[in-house]
Amino acid sequence: MKRVVATGTFDILHPGHLFYLEESKKLGDELHVIVARDANVRHKPRPVIPEEQRLAMVAALKPVDHARLGDSADIFAPIREIDPDVITLGFNQFFGEDDLRRALEIRGLRAGVVRIGGYEGPLSSSSRIVAEILARRRQP
Ligand SMILES: Cc1cc2nc3c(=O)[nH]c(=O)nc-3n(C[C@H](O)[C@H](O)[C@H](O)COP(=O)(O)O)c2cc1C
Ligand SMILES: Nc1ncnc2c1ncn2[C@@H]1O[C@H](COP(=O)(O)OP(=O)(O)OP(=O)(O)O)[C@@H](O)[C@H]1O
C-alpha cells in the first residue's frame, strides 16, 4: 500500500486544486491530505474559509482517501503518523524540494518528494478568485 501526502490551504476550491490532488493520487494507492491550520497561513492573507470548512470540502473530493487538519506547532507530526512513501508539493508551494528532503532526512522520515505541475485554468487560484470577486462587487 503506497501512501501519498498532499498539503495546502485550499481556501475556495478550484480546478487547480483538483488537478493537484488527482496527480498526487496517481503516485500511489492512498491519498492523505493535510489542510493548513488558519493560524499557520502567514505567507499570504489569512484564509476566508474557516479551517474546519476547508477540511470538509477537501475530504469530499474524489481522489482524497483521508484528510485532516495539520498540526498547529509541528508540520512533521502528521507526517510521522501517516508515514507516507511520497509527499507532493504543488507548483507554487514555497517549500523547496531539496529543503524538504533534507528536513525529512534529519528527522529520519523516509518519504520521497515530488513536485506536481501547474493546471492552466482561467480562474485556478484562490487569491485570483478573491480579487475577481472584489473587482466585480466594487461599488461604482
Ligand atoms: C510536508 C508538509 C507538511 C505540512 N504540515 C502542515 C501541518 O501539520 N500544519 C499546517 O498548518 N500546515 C502544514 N503544512 C503547510 C500547509 O499545508 C501548506 O502547504 C502551506 O501553508 C503552504 O500553503 P499554500 O498551499 O497556500 O502555498 C505542511 C506542508 C508540507 C509541505
Ligand atoms: N492552478 C493550479 N495548478 C496546480 N496546482 C495548484 C493550482 N492552484 C493550487 N494548486 C496547488 O494546490 C495546493 C493548495 O493550493 P493553495 O491552497 O495554495 O491554493 P492557491 O489557489 O494556489 O492559493 P493562492 O492563489 O492564494 O496562492 C498547493 O499545493 C498548490 O500548489
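**Close-up views of the predicted model**

**Figure 1. Helix α5 in its setting.** Helix α5 lies largely in the open, because one of its 12 residues is buried (20 or more other C-beta atoms within 10 Å of its own; exposed means 12 or fewer, partly exposed in between; C-beta atoms are placed from the backbone). Helices (H or I, at least four residues) and strands (E, at least two) are DSSP runs, numbered from the N terminus. The model is predicted: local features need pLDDT of at least 70 and side-chain atom pairs pLDDT 80 or more, whereas totals for chains, interfaces and linings use all residues. Residues are numbered from 1 along each chain as its sequence is written, chains are lettered from A, and ligands are numbered from 1 in the order written. Helix α5 spans residues 126-137 and reaches 17 Å from its first C-alpha to its last.

Figure 2. The view shows 19 residues around ligand 2, of which Gly 8, Thr 9, Gly 16, Gly 90 and Ser 127 come nearest (a residue is near if its C-beta atom lies within 6 Å of the molecule). Helices α1 and α5 each supply at least two residues of this shell. The greatest contribution is that of α1, with four residues. By residue type, the shell around ligand 2 holds five nonpolar, 12 polar and two charged residues (Ala, Val, Leu, Ile, Met, Phe, Trp, Tyr, Cys and Pro are nonpolar, Asp, Glu, Lys and Arg charged, the others polar, Gly among them).

**Figure 3. The surroundings of ligand 1.** Ligand 1 is surrounded by 18 residues, and the closest are Gly 8, Ala 36, Asn 40, Gly 70 and Ile 75. Strand β1 (3-8) and helix α3 (77-82) each bring at least two residues to the shell around ligand 1. The shell around ligand 1 consists of nine nonpolar, seven polar and two charged residues.

Figure 4. Phe 10 is placed in the loop between β1 and α1 (15-25). Phe 10 counts as buried because 24 C-beta neighbours lie inside 10 Å. Residues up to four places away in sequence aside, Phe 10 touches His 17, Val 35, Arg 54 and Val 58 (contact: C-beta atoms within 7 Å). Most residues other than glycine have a negative phi. The phi of Phe 10, by contrast, is positive, near 55°. Asn 92 sits in the loop between β4 (86-89) and α4. Asn 92 is exposed, because 10 other C-beta atoms lie within 10 Å.

**Figure 5. The largest nonpolar core.** This core has 18 residues, and those with the most contacts inside it are Val 5, Ala 6, Val 33, Val 35 and Val 58 (a core joins buried Ala, Val, Leu, Ile, Met, Phe, Trp, Tyr and Cys residues through C-beta atoms within 7 Å). The elements giving two or more residues to this core are β1, α1, β2 (30-35) and α2 (51-59). Strand β2 contributes the most, with four residues. Beyond its neighbours within four places in sequence, Val 58 contacts Phe 10, Val 33, Val 35, Val 64 and Ala 67.

Figure 6. Arg 80 is found in helix α3. Arg 80 counts as exposed because 12 C-beta neighbours lie inside 10 Å. Arg 80 and Ala 111 are 31 residues apart in sequence, and their C-alpha atoms are 10.0 Å apart in space. In the loop between α3 and β4 lies Asp 83. The phi of Asp 83 is positive, near 50°, in a residue other than glycine. Asp 83 also counts as exposed, because 12 C-beta neighbours lie inside 10 Å.

Figure 7. Helix α4 (residues 97-106) is hardly covered, as the count of buried residues among its 10 residues is zero. Gly 108, which follows α4, has a positive phi near 70°. In the unreviewed UniProt entry, the annotation "domain: Cytidyltransferase-like" covers residues 6-130. The end C-alpha atoms of residues 6-130 lie 23 Å apart, and this span is 33% helix and 17% strand.

Key. Two residues are in contact if their C-beta atoms, placed from the backbone, lie within 7 Å. The expected span of a helix is 1.5 Å times one less than its number of residues. UniProt positions are given in the numbering used here, feature names are shortened, and annotations may be inferred rather than shown by experiment.
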